[in-house]
Structure formats: structure tokens, C-alpha cells
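Dear colleague,

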Amino acid sequence: MSNQEMVEKLRQRGYITSKKIEEAMLSVDRAIFIKNSFPYEDTPYPVGMGQTISAPSVVAFMLEHLDVERGMKVLEIGTGSGYNTVLLSYLVGSGGHVISIEKISELHGIAKKNLAKYNFSQNIELYIGDGSCGYEEQAPYDRIIVTAAMPNLDKIHPFVIQLKEDGKIVAPVGSRLYQDLIVYEKKTNTSRKILPVMFVPLIGKYGFQ
Ligand code: SAM
């Protein structure tokens with residue numbers, strides 16, 4: 001299977017519904033981020049340090065619901081391999097900005113190397129730290145995407161405080177083992193469950209211990 005075939009399958013199965021997500025996923029080769037002979041399978045894979053890159057169907061589904069537009073400022077929690085970071089970079093374009101935080105310094109280093117292969121990565125800033133507190137220095141954000149499981153999200157959570165009034169968050173919220181992917185809208189202070197999922201835990205002050 002090729003990257004193009006992977007994207008076509010995701011489109012046929014309804015995970016990709018928009019032209020912009022299709023174009024982004026066609027432009028970013030998943031094989032760059034995975035040391036494995038089957039990089040285009042719809043499955044999560046280890047990326048080192050006990051962490052994973054999510055299945056491409058989940059990545060596509062989250063991005064469709066995040067509703068990113070060109071020029072936006074997006075905060076990503078959990079850089080991992082950097083795959084989703086580069087997709088976000090493509091979606092916000094040169095006038096936009098992606099800030100991504102990773103807790104494990106070895107993965108931050110791996111993502112940095114992977115990102116160097118894409119010339120549209122000038123709009124990305126990578127940081128090492130506890131992303132469960134968000135990243136106050138660059139707030140407010142148009143969008144926040146969380147790629148590790150978090151226990152709860154309410155209106156006094158740092159992610160919500162660091163979000164613009166018309167901003168959205170997509171995050172897996174629930175227990176350490178099972179979560180629901182939710183879309184949170186600040187304007188209405190509402191969360192909508194969109195998919196049952198299993199993510200690795202967000203470890204930190206506002207995550208799990
Ligand atoms: N988005 C990544 C990709 O495309 O490869 C996959 C992310 S992986 C499912 C979740 C990541 O969250 C792991 O790399 C993990 O180390 C990171 N993580 C866990 N707790 C964190 C925290 N408090 N702050 C930042 N990153 C954290």
C-alpha cells in the first residue's frame with residue numbers, strides 16, 4: 001500500500017470528508033515517521049519510549065473535527081513522532097502557527113529530525129515540557145488538539161483558559177485505559193462525544209500521575 005492508497009481508503013471509509021484534510025494527508029508521507037515495513041496500515045505503531053503514533057483514521061477524524069483554517073494558531077499536546085504536527089503545519093499554512101509540546105525529550109529530538117524533512121515546518125515551534133498545563137506563553141489559541149488521554153476538561157482547565165472565545169479543543173477524555181474523543185466549544189461551553197478511543201495517558205499536573 002502507498003500513502004496515496006492509505007488516504008483513499010480513509011476517504012472511502014468516511015474518516016476523511018474534506019478536501020483540505022485529504023490534501024494534507026497526501027502531502028505528508030506517514031512512512032517518514034515510522035520505522036516499520038507497513039507504515040500505511042490503519043493501526044497505531046510504537047515510536048519509542050513506550051509511546052505510539054495514532055492510527056491514521058483517528059488522526060484524520062480528529063483533524064476533521066478540529067476544523068483548522070489557514071492562519072490559525074494551534075496548540076498540540078503530545079508531539080510524539082511529529083506526524084500530526086506536520087499535518088497541522090500544512091493546514092494552518094505559512095500565515096499560521098503550530099506550537100507543539102512533548103514531555104519526553106528523546107521524542108522531541110526524533111520529531112525535530114522528522115520535521116526537518118518538510119520545508120513548510122517554519123511555522124512550527126516545538127517545546128519540551130508538561131503540556132497538561134497548556135502553553136500559556138503563546139496563548140490564546142484558535143484550536144487545541146490533545147493526543148494523549150486526559151482525565152477531565154472543564155471551564156477552569158488551563159486548556160480552556162488558553163483558548164480564544166470562539167476556539168475549539170479536540171481531546172481524548174476519560175480514564176487511563178478508555179476515553180471518548182470530544183469536541184469542546186468555548187463559546188457554548190459544551191463537549192460533544194464523537195468516538196470511543198484508547199490513547200496513551202497524558203502524564204502531568206492536569207493529566208494522570
Ligand atoms: N501526535 C503524535 C504523533 O503524530 O506521532 C502521537 C502522540 S502519542 C499518542 C502521545 C504523546 O503524548 C506521547 O509522545 C507522550 O510522550 C506525550 N505526552 C504524554 N504526557 C504528556 C505531557 N504532559 N505533555 C506533553 N506530552 C505528553
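The lining of the largest pocket comprises 22 nonpolar, 13 polar and four charged residues, where Ala, Val, Leu, Ile, Met, Phe, Trp, Tyr, Cys and Pro count as nonpolar, Asp, Glu, Lys and Arg as charged, and the others, Gly among them, as polar. The model is predicted, and local features need pLDDT of at least 70 and side-chain atom pairs pLDDT 80 or more, whereas totals for chains, interfaces and linings use all residues. Residues are numbered from 1 along each chain as its sequence is written, and side-chain values use heavy atoms, with hydrogens and water left out.

The pocket

The space in the largest pocket is about 660 Å³. A pocket is here an open set of points on a 1 Å grid over the protein atoms alone, where a 1.4 Å probe fits, with protein on both sides within 12 Å along at least five of seven lines; lining residues have an atom within 4 Å of a point. Points are joined across faces, edges and corners, and the volume is the space filled by probe spheres set on them. Of the 39 lining residues, Q51, T52, T147, A148 and V200 lie nearest the centre of the pocket. Two or more lining residues come from each of β2 (51-53), α3 (56-66), β3 (73-77), α4, β4 (97-102) and β9 (190-197). Helices (H or I, at least four residues) and strands (E, at least two) are DSSP runs, numbered from the N terminus.

The ligand

There are 26 residues around the ligand, and S81, E102, D130, G131 and I203 come nearest; a residue counts if one of its heavy atoms lies within 4 Å of the molecule. A polar side-chain atom of E102 is 2.6 Å from a ligand oxygen atom. A polar backbone atom of K103 lies 3.2 Å from a nitrogen atom of the ligand, and a backbone N or O atom of G129 is 3.5 Å from a ligand nitrogen atom. A polar contact is a pair of N or O atoms within 3.5 Å.

Helix α4

Nine of the ten residues of α4 are buried, so this helix is largely enclosed by the rest of the structure. Buried means under 20% relative accessible area, exposed over 50%, and partly exposed in between (1.4 Å probe, protein chains only). T85 lies in this helix, which spans residues 83-92, and counts as buried because its relative accessibility is 0%. Leaving aside residues up to four places away in sequence, T85 touches E76, T79, V98, S100, I124 and L126, contact meaning heavy atoms within 4.5 Å. After α4 comes G93, with a positive phi near 75°.

Backbone features in the loops

The peptide bond from A139 to P140 is cis, with omega near 10°, and P140 belongs to the loop between β5 (124-128) and β6 (141-146). M49, which is not a glycine, has a positive phi near 55°. This residue M49 lies in the loop between β1 (45-48) and β2 and is partly exposed, at 46% relative accessibility. N189 is likewise not a glycine and has a positive phi of about 50°. The loop between β8 (179-185) and β9 holds N189, which is partly exposed at 37%.

After β9

M198 is in the segment after β9 and counts as exposed because its relative accessibility is 62%. Residues L177, Y178 and Q179 are touched by M198, not counting residues up to four places away in sequence.

Yours sincerely

Definitions and conventions. Polar contact = N/O pair within 3.5 Å; in protein donor to acceptor, adjacent residues only side chain to side chain.
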